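Take a look at the model below.

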Amino acid sequence: MNTPTLAPHESMELHEALNFKTLCLAKSKLMQGLVFDQELKALMQKDVILSTQQIAELQAFYARAPFQAPVPNSPTPITQ
């Protein structure tokens with residue numbers, strides 16, 4: 001049985017959602033170091049855990065995209 005693929009516009013929307021969730025995850029992780037309120041820090045940690053799970057779910061859908069960008073093992077540094 002063939003696995004259904006996503007339409008091009010669905011693939012682009014999925015890509016945008018994946019980028020957004022990745023950015024939110026990075027922001028939550030980075031901001032934890034600046035927060036002193038323990039309740040807020042716990043909430044941010046919960047967001048990190050949930051975002052990681054959601055990114056994994058989105059990546060499973062991304063496998064059905066008709067075109068894909070390779071995912072690097074380690075990010076390329078912005079500055080040299």
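Buried means under 20% relative accessible area, exposed means over 50%, and partly exposed lies in between (1.4 Å probe, protein chains only). In α2, the buried residues are Met-44, Val-48, Ser-51, Ile-55, Leu-58 and Tyr-62.

This is a predicted model: local features need pLDDT of at least 70, side-chain atom pairs count only at pLDDT 80 or more, and totals for chains, interfaces and linings use all residues. Residues are numbered from 1 along each chain as its sequence is written, and side-chain values use heavy atoms, with hydrogens and water left out.

**The helices**

Helices are DSSP runs (H or I, at least four residues), numbered from the N terminus.

Now look inside. The buried residues of α1 are Ser-11, Leu-14, Leu-18, Lys-21, Leu-25, Ser-28 and Gln-32. What covers them includes α2. In turn, the buried residues of α2 pack against α1.

**The core**

A nonpolar core is a set of buried Ala, Val, Leu, Ile, Met, Phe, Trp, Tyr and Cys residues joined through side-chain atoms within 4.5 Å. The largest one here has eight residues: Leu-6, Leu-14, Leu-18, Leu-25, Val-48, Ile-55, Leu-58 and Tyr-62. The most come from α2, with four residues.

Contact means heavy atoms within 4.5 Å. Leaving out residues up to four places away in sequence, Leu-58 touches Leu-14, Ala-17, Leu-18 and Lys-21.

Which residues does Gln-32 contact, leaving aside neighbours within four places in sequence? They are Lys-41, Met-44, Gln-45 and Val-48. Gln-32 has a relative accessible area of 15%, so it is buried. Its side chain reaches the backbone oxygen of Met-44 at 3.4 Å. The side chains of Gln-32 and Gln-45 are joined by a polar contact of 3.1 Å. A polar contact is a pair of N or O atoms within 3.5 Å; within protein, one must be able to donate a hydrogen and the other to accept it, and residues adjacent in sequence count only if both atoms are side-chain atoms.

Glu-10 and Pro-66 are 56 residues apart in sequence, yet their C-alpha atoms are 10.0 Å apart in space.

Note on methods:
Helix = DSSP H or I, 4+ residues; strand = E, 2+ residues; numbered from the N terminus.
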